[in-house]
Amino acid sequence: MVGAGVFAAFGPAAGAAGSGLLVGLGVAAVVAFCNATSSARLAAVYPQSGGTYVYGRERLGPFWGYLAGWAFVVGKSASCAAMALTVGSYLWPEYKNVVAVVAVVALTGLNYCGIQKAAWLTRVVVAFVLVLLAIVVAVSLASGSAEFARLGIGADAGPGGILRAAGLLFFAFAGYARIATLGEEVKDPRRTIPRAVPIALTITLITYAAVAVALLALLGPTRLAASPDPLAEAVRVAGVPGLAPVVRVGAAIAALGSLLALILGVSRTTFAMARDRHLPTALAAIHPRYQVPHHAELAVGAVVAVVAATTDLRGAIGFSSFGVLLYYAIANASAWTLRPDEGRPPRMVPVVGLVGCVVLAFALPWTAVVAGSVVLAVGALVYRLRTG
């Protein structure tokens, strides 16, 4: 969750919400909290690979499970491409697509060799990024250029812009579903997953809130919206330009960390759908040595590499956000059907989560809404044709 989004999402979000950026962050956090709570309660009941693909199938019916899985695989494949392109944009902008493809191939190979290595590297990346963000926040708030009056909400903060900003910032929050998609590979999943999801979300929210306050106080919403690298811009304005290259490298490392976890989660959902014959059954194979779904890993890596070689960053992010929000909408609908003895969350949690996901999805740029709707409709048509 603490990945490339924190380095990239605040600029576009400030452009949408203006001085209402913190309100947009709050809206995104509320929706993310509801989604995380619903996902965690469902994961405790169904500790299997696949996440909401499994929950939707078991609670709402096979079609809704399939649609959730389709939305996740398609949306998160676009996220993988976006993260890979972020790596390329920061490390070697002139050849960002080439670097993106190399990153996808390298991390697919790492995941292929076993989850333990991937988890070890993820811990290192998260620790580095958290330390770097703490330094940026401290330097920014201690600067004489910081003005806390910039945190006030002005006339530029309209409801539509705030919702659009929340949708963009939700992209940065997304990630807790990856915990649930690994249900079969986690020790004591019924106890571990419901604890891990809210802890992860809380840490992420505190981190993002601190970064948002620091950026607004130092840059203001207008300058923040115009900056292509707001965290690097912040340390320059704070009078520590030597930190800017470190921030750029940190952004690339964070994007690699996000990409690593994304490929891991998408491949597990692909594996689960193939096991149920919604995708080619060859993708359900398990490697005899590494005990990972290696065919699914390779298929996802190949698709993402092609997309990363041929698309642009903005389009990938918008398309991904639409698919992921609808995926969580199905998770909330599934959580609504839980019984009290199954750990049902308070009724308002899945209601707010479901409504919030739908509203934020359709508040995104129209190109993302149209493209996402078409792809989901194609997936639904394939299901109907296959099942008669």
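**Entry 1. The second largest cavity**

I began with the second largest cavity of this predicted model, for which I recorded a volume of about 40 Å³. The structure holds two cavities of 30 Å³ or more. I then looked up the residues that line the second largest cavity, and I found Ala-71, Val-74, Gly-75, Phe-319, Phe-322, Gly-323, Gly-372, Val-375 and Leu-376. The elements that give two or more residues to this lining are α5, α14 and α16. By class, I noted six nonpolar and three polar residues in the lining of the second largest cavity, with no charged residue.

**Entry 2. The second largest pocket**

With six residues, α14 gives the most to the lining of the second largest pocket. I sorted the lining of the second largest pocket by class and noted 17 nonpolar, eight polar and four charged residues.

**Entry 3. Helix α14 against α8**

On the side of α8, the contact involves Gly-167, Phe-170 and Phe-171. On the side of α14, I noted Ile-317, Ser-320, Ser-321, Val-324, Leu-325 and Tyr-328. The residues of the contact of α8 with α14 divide into six nonpolar and three polar, and none is charged.

**Entry 4. Helix α14 against α3**

I then examined helix α3 (residues 21–45), which packs with helix α14 (residues 313–336) at an angle of about 55°, their axes being 9 Å apart. This angle makes α3 oblique to α14. I recorded the crossing of α3 past α14 as left-handed. Helix α3 makes the contact through Cys-34, Asn-35, Ser-38, Ser-39 and Leu-42. Helix α14 contributes Tyr-328, Ala-331, Asn-332, Ser-334 and Ala-335. By class, the contact of α3 with α14 has five nonpolar, five polar and no charged residues. I noted that Tyr-328 of α14 is listed both in this contact and in the contact with α8.

**Entry 5. Helix α3 against α10**

Last, I followed α3 to α10. How do the axes of α3 and α10 cross, and within what distance do they come? I found that they come within 10 Å and cross at roughly 170°. The angle makes α3 roughly antiparallel to α10. From α3, I listed Leu-21, Leu-22, Leu-25, Ala-29, Ala-32, Phe-33, Ala-36, Ala-40, Ala-43, Ala-44 and Val-45. These meet Arg-190, Ile-193, Pro-194, Val-197, Leu-201, Leu-205, Tyr-208, Ala-209, Ala-212, Val-213, Leu-216 and Leu-224 in α10. The contact of α3 with α10 has 22 nonpolar residues, no polar residue and one charged residue.

Note on methods. Residues numbered from 1 in each chain as written. Predicted model: local features only at pLDDT ≥ 70, side-chain atom pairs only at ≥ 80, totals over all residues. Heavy atoms only, no water. Axes fitted to C-alpha atoms, helices over the stretch in contact; angles between N-to-C directions. Helix = DSSP H or I, 4+ residues; strand = E, 2+ residues; numbered from the N terminus. Parallel < 35°, antiparallel > 145°, perpendicular 65-115°, else oblique. Left-handed = near helix turned anticlockwise from the far one by under 90°. Contact = heavy atoms within 4.5 Å. Nonpolar A, V, L, I, M, F, W, Y, C, P; charged D, E, K, R; others polar. 1 Å grid on protein atoms, 1.4 Å probe; cavity = no way out; pocket = protein on both sides within 12 Å on 5 of 7 lines; lining within 4 Å. Points joined across faces, edges and corners; volume = space filled by probe spheres on them.
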